[in-house]
Amino acid sequence: MNFSTVHLPKSIFYGEGSLEKVGEEAKKLGSKALVVSDNIIKEVGYLEKCHHYLEQAGVSYVDYLEIASEPTDHYVTEALKVTNEEACDVIVALGGGSCIDTAKAVAVLATNDGELSEYMGAKRIAENKPLPLLAVPTTAGTGSEATDVTVITNTKNDVKMMIKQPAFMPEIAIVDPILTISSPKSITAATGVDALTHALEAYISRKAHPFTDQLALSAIKLIMENLLEAYNNGSNVEAREKMIYASMLGGIAFSNSSVCLVHGMSRPIGALFHVPHGISNAMLLPTVLEYSKESCIDRLVEIGEYLSPGVKGFPKGEVSENVVSDIVELCEKLGIPNLKSWGINEEQFEQVLEKMAADAIASGSPGNNPKIPTEEEIVVLYKKAFVYE
Ligand code: NAD
């Protein structure tokens, strides 16, 4: 048998002003909400708006706002405690991927036994229905609102756990581009390249299939055409709208296909050096593309032809090379640093290279790459990316 399965949220509300659906939709699913967000989202006023819509619908709520980037199991434990003590029966995640991922883990653990780490690699499967989750992204990057994935760092072994099971899919996604307007340039750049990496890896993955291909291609085109504008002119609602739409498409594409080597190598950097996920992906993308390009030349040509139909019939090498150089150039224009200029200590980096390479392989993502690397090759790629210019 050779078939594919597609997982999606039950409903997706999309477009300017869609945040107003949060109260009405939460009301259908429960009576007391845990709102998982952070203090920056509070400062920019989105939390208050969310509260307003919940109150209007007659849903009571309690906030958990302690989330910081690259969330750990510590936040999950704390937020779960609040959920249980306050008898919350529905969860609203309002924020970037860090808030949404924490909320996903809480939703599953509220109704299922065991430690979160047991769910990694499907060692344990969530058998009970999780608490219903409404995911409202404020970054255009992870697509977590529409993926069955959560990424949480295990503080016992410093491994960024990528956990993928249907139970981690939010019930409702509310994708309102207005919530990304306040995103500062650095976050717009990092999250935008994250979305691009999802779409690109979903397309070149060994697990790609026709459903994910179309979403991935659309996402790549939207990002290549709008990310720089969203970065340079953050108040351009049209560019923001296209970016958050692309981010969601990229999320659906990779969670139903897969991510590959960039993500596999990126997670250990996040776990050990606390580099935000989008930035570590962006730091690796050019080096990994150079490494993989010969093995996915046809896929790169298809991307090139989708982006510019006029290149049909041009030599494959030229078309694929242009795709790679356009992406590298975009990263340059977005001011993506290399690992060294980010401030990572070279000696410390050298000391953990082998652990990072082993953790990358263990995550399974490199095995989906068109060219499957050995641990030794990953070490070389890390070294190259460290000083990439
Ligand atoms: P984030 O959630 O960590 O947010 C980064 C920073 O931006 C935070 O300080 C946050 O407060 C701030 N921020 C968010 N929205 C803002 C806005 N509109 N205005 C101003 N500031 C804003 O960043 P992220 O890139 O969205 O999420 C990263 C996490 O998601 C990582 O842990 C990564 O591994 C994970 N991830 C998950 C999936 C998935 O499918 N579950 C996919 C990719 C990445």
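Which way do Ile 172, Ile 174, Ala 173 and Val 175 point from β8, and are they buried or exposed? Ile 172 and Ile 174 point one way from β8, Ala 173 and Val 175 point the other way, and all are buried. Here, "buried" is a matter of counting: a residue is buried if 20 or more other C-beta atoms lie within 10 Å of its own, exposed if 12 or fewer, and partly exposed in between, with C-beta atoms placed from the backbone.

Before we go on, some ground rules. This is a predicted model, in which local features need pLDDT of at least 70 and side-chain atom pairs count only at pLDDT 80 or more, while totals for chains, interfaces and linings use all residues. Residues are numbered from 1 along each chain as its sequence is written.

**The whole chain**

The chain has 15 helices and eight strands. Both are DSSP runs numbered from the N terminus: helices are H or I with at least four residues, and strands are E with at least two. The chain is as compact as a globular protein of its length, because its radius of gyration is 20 Å, close to the 21 Å that the globule rule gives for 389 residues. That radius is taken over C-alpha atoms, and the rule is 2.2 Å times the number of residues to the power 0.38. Picture the C-alpha atoms filling a box of roughly 60 × 50 × 45 Å, taken along the principal axes. Of the 389 residues in the chain, 54% are buried.

Glu 305 belongs to helix α11 (residues 297-307). Glu 305 counts as partly exposed because it has 17 other C-beta atoms within 10 Å.

**The sheet**

Now back to the strands. Six of them form an open sheet, in the order β1-β8-β5-β4-β2-β3, and the pairing is parallel. Two strands pair if DSSP finds at least two bridges between them. At the edges sit β1 (11-14) and β3 (60-64), each pairing on one side only. From one strand to the next, the twist averages 20°; such angles run from 0 to 180 degrees between N-to-C directions, with axes as lines fitted to C-alpha atoms, for helices over the stretch in contact.

Here are some of the pairs in the sheet, each with a bridge that you can look for.

| Strands | Number of bridges | A bridge to find |
|---|---|---|
| β1 and β8 | four bridges | Tyr 14 with Val 175 |
| β5 and β8 | two bridges | Leu 134 with Ile 172 |
| β2 and β3 | five bridges | Val 36 with Tyr 64 |
| β2 and β4 | four bridges | Leu 34 with Ile 91 |

How many of the five residues of strand β2 (residues 32-36) are buried? Four are, so β2 is largely enclosed by the rest of the structure.

**Around the ligand**

Where does the ligand's shell sit? Domain 1 (11-180) and domain 2 (185-386) both give residues to this shell, so the ligand lies between them. The domain bounds come from an automatic or database domain assignment.

There are 34 residues around the ligand, and Ile 40, Ser 69, Gly 96, Gly 97 and Ser 98 come nearest. A residue is near a molecule or strand if its C-beta atom, placed from the backbone, lies within 6 Å of it. Several elements, namely α2 (39-43), α5, β6 (149-154), α6 (185-204) and α10, each supply at least two residues of the shell. The largest share, four residues, comes from α5.

By type, the shell divides into ten nonpolar, 20 polar and four charged residues. In this scheme Ala, Val, Leu, Ile, Met, Phe, Trp, Tyr, Cys and Pro count as nonpolar, Asp, Glu, Lys and Arg as charged, and the others, Gly among them, as polar.

Ala 122 has a positive phi of about 55° although it is not a glycine. Ala 122 is found in the loop between α5 (97-109) and β5 (133-137). With 11 other C-beta atoms within 10 Å, Ala 122 is exposed.

His 274 also has a positive phi of about 55°, and it is not a glycine either. His 274 lies in the loop between α9 (261-273) and α10 (277-292). His 274 is partly exposed, with 13 other C-beta atoms within 10 Å.
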